[in-house]
Amino acid sequence: MKLHSLIIIPFIATSNFLDLKYSKITPNIVKLDKVIEISVNESASPLFVKIDGEPKKYLEASVEGEVQIEKEIGNNENDSYFQLGVIYEGNYRPNGFVKAFLPEWILKVLTLSDTTGVSEIDFLDVSNSRELSKSDNIRDIKLNFQTVSHLENGKFKITAKLKDKKVLGFWLRTDGDDSKAKFNLKINRFEVK
């Protein structure tokens, strides 16, 4: 019998967080303390959580949070109140020529580990009303989007079983640029086991 430990992601351990920017989009305002607070005002930016040490397999991820909406995203599939992106180990690593043309945020995703590449990212979506279920690709990386939770009185909880693959890190994705949305996201708890 293999025992798995519970890991509570400490929000004040800021060295594990990569708060990056897209080149032509106003970034979100991110505050890391006892909770994660992200203010979205017609903005978007990637926030990654690196896993310390070598990539590991996890059984489950849990996130609890809340959203205060001033202007909704509606059914715009490019924007999201919150998506937990699970970044899985794989074979794709860009060569030097490709690296020269990639934006910084993509390079960070692809180099979360010094020893392995990326195969896919599963985005576990929190929605007000939509049901998202689609796949896409960036180069040889598969992107899977699935609505797994809905806002109830502004609150949400995700508890998701993870694939039997090693995890490189997590993408805490919240976007409102395409829909000109305005809202505040608070993540109160984030655990993996």
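Glu42 is partly exposed, at 39% relative accessible area; buried here is under 20%, exposed over 50%, and partly exposed in between, with a 1.4 Å probe and protein chains only. Glu42 sits in the loop between strand 4 (36–41) and strand 5 (47–50). Helices (H or I, at least four residues) and strands (E, at least two) are DSSP runs, numbered from the N terminus. The phi of Glu42 is positive, about 55°, although the residue is not a glycine.

Before I go on, this is a predicted model, so local features need pLDDT of at least 70, side-chain atom pairs count only at pLDDT 80 or more, and totals for chains, interfaces and linings use all residues. Residues are numbered from 1 along each chain as its sequence is written, and side-chain values use heavy atoms, with hydrogens and water left out.

On confidence: pLDDT is the predictor's confidence in each residue, from 0 to 100. The mean for the protein chain is 88, and 93% of its residues reach 70 or more. Over residues 1–5 the pLDDT is below 50, and beyond near neighbours in sequence this stretch has 4 contacts in the model, a contact being heavy atoms within 4.5 Å.

Back to backbone angles. Asn153 also has a positive phi, near 55°, and is a residue other than glycine. Asn153 is in the loop between strand 11 (141–150) and strand 12, and at 83% relative accessibility Asn153 counts as exposed.

Strand 4 holds Ser39, which is partly exposed at 30% relative accessibility. Ser39 and Asn28 are 11 residues apart in sequence, with their C-alpha atoms 5.7 Å apart. Leaving out residues up to four places away in sequence, Ser39 touches Asn28, Ile29, Phe183 and Asn184.

Next, the rings. The whole structure has 8 aromatic pairs. Rings of Phe, Tyr and Trp (its six-membered ring) pair if their centres lie within 6.5 Å; planes under 30 degrees apart are stacked, over 60 edge-to-face, and the rest tilted. Phe82 and Phe156 make a stacked pair, 5.4 Å centre to centre with 25° between the planes. Phe82 is in strand 8 (residues 80–90) and Phe156 in strand 12 (residues 155–161), so this pair ties together parts 74 residues apart in sequence. Both Phe82 and Phe156 are buried.

Ring pairs also link Tyr22, Phe48, Trp105, Phe123, Phe145 and Trp171 into a cluster. The charged end of Lys134 sits over the ring of Phe145, 5.2 Å from its centre; the test is NZ of Lys or CZ of Arg within 6 Å of the ring centre and within 35 degrees of the ring normal. Arg173 lies over the face of Phe123, at 6.0 Å from the ring centre.

On a 1 Å grid over the protein atoms alone, a cavity is a set of points where a 1.4 Å probe fits but cannot get out; a pocket is an open set with protein on both sides within 12 Å along at least five of seven lines; lining residues have an atom within 4 Å of a point. Grid points are joined across faces, edges and corners, and a volume is the space filled by probe spheres set on the points.

The largest pocket has a volume of about 430 Å³. Its lining has 24 residues, and Trp105, Ile138, Leu143, Trp171 and Arg173 lie nearest its centre. Helix 2 gives the most to that lining, with 4 residues.

The search finds 1 cavity of 30 Å³ or more. Ile51, Gly53, Pro55, Leu112, Ser113 and Leu168 line the largest cavity.
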